[in-house]
Amino acid sequence: MADHLLEDIFRVDAVDPDGKKFDRVSRIVATGERYNWTMQLDVNTEIYSLHVGEKFMMVLVSTLNLDGTPDSGYYTQGGRKTLADKFEYVMHGKLYRISDASGPNLEVEMCISFGGLLMLLKGDPSGAQKFELDQKLFILIRKV
């Protein structure tokens, strides 16, 4: 079974809070229900949209293989089943920054780039223990 590095239900709090910067991309701000993580995520609105008040499940994994075996780094459209089959929106990216827990709330910040679409996660440092700098990740999203 594939190891979920982070899994939570998020509620969209805002869409493009600093104004719309690109035609086909929106930045959503969301808060997790279980772990109270806050997230800013760029979403390609041409293929997937999220609106204020909507809830979605977000999972971060290091492989799409159902048995948890490492990913080859290449996507093949074979008939095999993957974790992606259970979700509506999937991106592949790289964790490029993890900050030390600091500030009055002792939060850790993780920055992930999905081919230029960015994600910022802030939350409890205990939830970031499975993550490593330069780690390749998949984000899986589906509305609930």
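Me: Asp-16, buried or exposed?
Reply: Asp-16 counts as buried because its relative accessibility is 17% (buried is under 20% relative accessible area, exposed over 50%, partly exposed in between, with a 1.4 Å probe and protein chains only). This is a predicted model, where local features need pLDDT of at least 70, side-chain atom pairs need 80 or more, and totals for chains, interfaces and linings use all residues. Residues are numbered from 1 along each chain as its sequence is written, and side-chain values use heavy atoms, leaving out hydrogens and water.

Me: Where does Asp-16 sit?
Reply: In the loop between β1 and β2 (strands are DSSP E runs of at least two residues, numbered from the N terminus). Asp-16 isn't a glycine, but has a positive phi of about 50°.

Me: And what's the phi of Asp-134?
Reply: Positive too, about 70°, and Asp-134 isn't a glycine either. Asp-134 lies in the loop between β7 (117–123) and β8 (136–143). With 46% relative accessibility, Asp-134 counts as partly exposed.

Me: New topic: which strand holds Asp-8?
Reply: Strand β1, residues 4–15. Asp-8 is buried and has no salt bridge (that takes a Lys or Arg side-chain nitrogen within 4 Å of an Asp or Glu carboxyl oxygen).

Me: So which side chain of opposite charge is nearest to Asp-8?
Reply: Arg-34, 4.5 Å away. A polar atom of the Asp-8 side chain also lies 3.0 Å from the backbone nitrogen of Tyr-35.

Me: What else does Asp-8 touch?
Reply: Leaving aside residues up to four places away in sequence, its contacts include Gly-32, Asn-36 and Phe-56 (contact means heavy atoms within 4.5 Å).

Technical notes
Helices (H or I, at least four residues) and strands (E, at least two) are DSSP runs, numbered from the N terminus. Lys and Arg count as positive and Asp and Glu as negative; His and the chain ends are not counted. A polar contact is a pair of N or O atoms within 3.5 Å; within protein, one must be able to donate a hydrogen and the other to accept it, and residues adjacent in sequence count only if both atoms are side-chain atoms.
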